[in-house]
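Student: I would like to learn how to read a few features of a protein model. Please take them one at a time.

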Amino acid sequence: MTNGLNRYIIDCMKSHGKNKLTKSAKSDAVAAEAESGGAAVRTHKDKIAFRSIKWLTVFSLCVYAIVILALLWSLFFIFLFGIYEPMQARELSNTGIDATAVFPDRIDDKSMALYKTRMKDYARRENVAVVVFTGGADEDYSMLFSIDTLGNSTSEVTELFSEVLSAINFDALFDSDGNVIKVKSDIGTFLCYGSINTVSGGNDTAGTAEPQGEDRAFLFIIKPYHLLDSQTLIVIYALVLCSIVVLTLAVAVAIVIARYQTKNIVEISGKAKKLADGDYSVVFSGGGCDEYEILAAALNSAKAAIVSTEELQRDVIANVSHDIRTPLTMIRAYAEMLRDMPLDEKKRAKTVDVIIDEADRLNVLADDFLNLSKLQSGVVDFEYERVNMSKLARAVVAQFDIFTERDGIKFECDIDGNVYAECDASRIKQVLYNLIGNAVNYRGDDNIVTVAVKSADGGATVEVGDHGKGISPEEIDSVWEKYYRATQTKRTTVGSGLGLTICKNILDAHGAQYDVRSEVGKGTVFRFKLKYAEETDRA
């Protein structure tokens, strides 16, 4: 019996998740940390700190800012290397086409002077060098004029012209108007535009103004190409400054957000620690955030469950103590009577019967504890078979005939003939026994207990009722709980207080439907329905 009681209490505590560190265990843990110097613990905490939500939030936002900046820089370099050069070449081509469109038809002093003036404006505005010459790649060329990027002109061959012209593919540049070629020379990198213009009047190199037939004049425009020119450098400096500002703001904003996010968690953690230490007055709140509100609601529910478990623990101790103390007191008293007082055989036999009855009561208590523990742990095997519920009910009612003779209890039975169900006969018999015993204990003044077995709604339905005080609507859902009677103002009924809980576990294992209908002052009816089995024989 003692082992069964211990197993039950342990199972009860496990089923409610009660794991609480005792004061002595806490003291041992603190002492162990002090003995080791706490260095390992502190190191672990330091490592964990960088894995906290606060630091993870800061890290995540900083990484996000870095990714955005990396994308921005990538787009910039894609533009710089993939778009900037074609854009410069297109601008130079447009400049060359415009310059070609106004190229004079004759080579004379007046025409060249006017064209040179226009090209000076082009050179200064577009930052290009303009060279006009005659001749060609396979013949000597003669310089008509050359204008640098500042608008200064000369009639001599410049180093720029010589170096660039020697580095280009002459035919590729001058055979196609509007074509721009990129050239790398010893003095730098340049974009070049060239066009051939048919003019009259000869070269006019001798200073004569007389027309000398048609000739070819070459327009050569050179634009210095610097990938990192002043404009792109300004953009890079702006990007660097923006990157620094963005990263700084990202860190600052991340820290603010992390503090806000972790504030509620730290508060909830502190209250949870108080709850673990036994302070059940704490109330969890989420601070308005949906996720924290869900967490707070879950912790408040857990707190309510812990409080309920504490109350259950007290009830278990109180009820077990009550149930065991009475028969032990009786056994001790009658055993001392047998030892100390001379009794005749009749009194001796009566005394022994009392001791046996009280020992049986203790055995019933131990059996209830063991049965409930086995049912809740799932170690009970159920043997389902086709059972005649009508016969089973009549047999169980017959076990209570002694109450009819001794207490005048009347059992009103409404049992259909041969109602069959698929069930474990011994376990359902235990359910019936507990329900009828419960009805006997809580019967009304008329001493009537009702038992009905019907075949209805595709199942075998069993009802056990009494005409007692009934159960209030507020407590109707609690009748299946352990020690439901502990909520009553006075405990007067003999028993373990586990009968209905055992019934509930057995019925749940059968997948049965069950309920309680009660009306205060008129009585209570317990009802359950098992899977119906077709009738194959007649009793």
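Student: In which strand is E422 found?

Tutor: Helices (H or I, at least four residues) and strands (E, at least two) are DSSP runs, numbered from the N terminus. E422 is found in strand β9, residues 420-423. Residues are numbered from 1 along each chain as its sequence is written. This is a predicted model: local features need pLDDT of at least 70, side-chain atom pairs count only at pLDDT 80 or more, totals for chains, interfaces and linings use all residues, and side-chain values use heavy atoms, with hydrogens and water left out.

Student: Is E422 buried, exposed or partly exposed?

Tutor: Buried means under 20% relative accessible area, exposed over 50%, and partly exposed in between (1.4 Å probe, protein chains only). E422 has 33% relative accessibility, so E422 counts as partly exposed.

Student: Which residues make the nonpolar surface patch of about 280 Å²?

Tutor: Nonpolar side chains (Val, Leu, Ile, Met, Phe, Trp, Tyr) are joined within 5 Å, like charges within 9 Å. Here F59, V63 and V67 make the patch. V67 is found in helix α4, residues 53-101, and is partly exposed at 49%.

Student: How many disulfides does a search of the whole structure find?

Tutor: A disulfide is a pair of cysteine sulfur atoms within 2.5 Å. The search finds zero. As for cysteines, C62 is buried at 16% relative accessible area, and C192 is buried at 0%.

Methods: Patch = residues over 30% accessible without salt bridge, like charges linked within 9 Å, V, L, I, M, F, W, Y side chains within 5 Å. Areas by Shrake-Rupley, 256 points an atom, 1.4 Å probe, with all protein chains shown as cover. Salt bridge = Lys/Arg side-chain N within 4 Å of Asp/Glu carboxyl O.
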